Structure formats: C-alpha cells, structure tokens
Amino acid sequence: LLVCGISENGLRCMTEAIKTRAVKKEYLCLVRGSAPETFSLNDYLVKDRAANKVRVCSQKTSGAREAVLFARTLESAGGMSLVLIELVTGRSHQIRVQMSHAGHPVLGDVKYGALEASMPALPCERGIRRPMLHAFRLTFSDGLPLGPAGLVLEAGLPADMEKIMKGAGISWRPGTPAA
C-alpha cells in the first residue's frame, strides 16, 4: 500500500493522521527462524544519513529516537516465519533493523539481514531480489476527514512472497483468521 495526497489539504490531513497515530499501519514480512508467537520491540534507533543506514543504540546516544512495534507470528515453516507487524512509530528502516537486531532478519535484506556464519542460507533465499517486507494494511480511525469511518485498505501478497511461502510450506493467506 502506498498513500499519497491528491490535494494539498488531503496531504496535510493524511500527514497529521499518521503523525498522531490515527492510522494503524501493518506489514507482513518473512523472517529467518521461528519468531515468538507474539512480541513487541522497543528500541532506540539512530540514523547515519551519509551511509543511509540505521542502528540500534542506547537511549543516551545523541540523535536516538524511540522505535516501537508489535508483532504476531502467523505461521512458521521451512526455517522462516511469516510475521504481521504493527508499527507504533515510523522510523526509517525500522522493521528491518529491529527484526535483525532481535535475531530474525527479514529475508532478502542485504543491508540489515546479512547472514552470519552460524546462519546457513535457506534454500528459498536463492533468487530473492528484495526484502520480503510488504505494506499490508492501513486502518483509519473513526472521525478522520479522509473517507468513511473505520476505513480499512488491504493489499494482497506480492507473487514473489507467495512463491517463497508456498515453497517453505507456509499456507497462510490474506483473509485467513488471525490477520
């Protein structure tokens, strides 16, 4: 899902809705390993603008900003997990850096998900050309001047993610309970 403003007023309303967390943002991602059934990550991130890279750091680090997400594992198989993530904050590269820091890097993420010697490549990882991260659902709070009250927008799975999931034996699909 991609949100953009058609009018200046619409863009202003959308920016404010996202800033005040009146829009719930959910992502699907395929990560290495068996992620916990439910978990939250609360870290501090600092961005190196020159390198376009983010790292987890201490709260006391200059420029550090809090990053919070909630997650639920929908299914695990074949050495990977399909995780539904709700972003509470929206920091640059947040999901990718936090999931990697938690020991479950996003498949296909060359920036934050580099394989360590202790993590042999999964058979499905050959041929992945992008991070297996998908902007899945936006839910708008009631009372926003952006459309019908409680509007939910959902995007189906990309073909490359579906193929990897099928190959690993993950059967979950959008519309399945627990989404």
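Where is the place of His93? His93 sits in the loop between β5 and α2 (94-101); helices (H or I, at least four residues) and strands (E, at least two) are DSSP runs, numbered from the N terminus. This is a predicted model, in which local features need pLDDT of at least 70, side-chain atom pairs count only at pLDDT 80 or more, and totals for chains, interfaces and linings use all residues. Residues are numbered from 1 along each chain as its sequence is written, and side-chain values use heavy atoms, with hydrogens and water left out.

**His93**
- Leaving aside neighbours within four places in sequence, His93 is in contact (heavy atoms within 4.5 Å) with Asn52, Val54, Lys111 and Tyr112.
- The side chains of His93 and Tyr112 make a polar contact at 2.6 Å (a pair of N or O atoms within 3.5 Å; within protein, one must be able to donate a hydrogen and the other to accept it, and residues adjacent in sequence count only if both atoms are side-chain atoms).

**Helix α3**
- Met161, Ile164, Met165 and Ala168 are buried in α3 (residues 159-168) (buried means under 20% relative accessible area, exposed over 50%, with a 1.4 Å probe and protein chains only).
- Seen down the axis of α3, the buried residues fall within an arc of 100° (directions from the helix axis to the C-beta atoms), so they line one face of the helix.
- These buried residues pack against β1 (23-32), β4 (65-77), β5 (80-87) and β6 (133-140).
- Ala159, Lys163, Lys166 and Gly167 are exposed on the face turned away from the buried side of α3.

**Whole chain**
- The protein chain has 3 helices and 7 strands.
- Of its 179 residues, 37% are buried.
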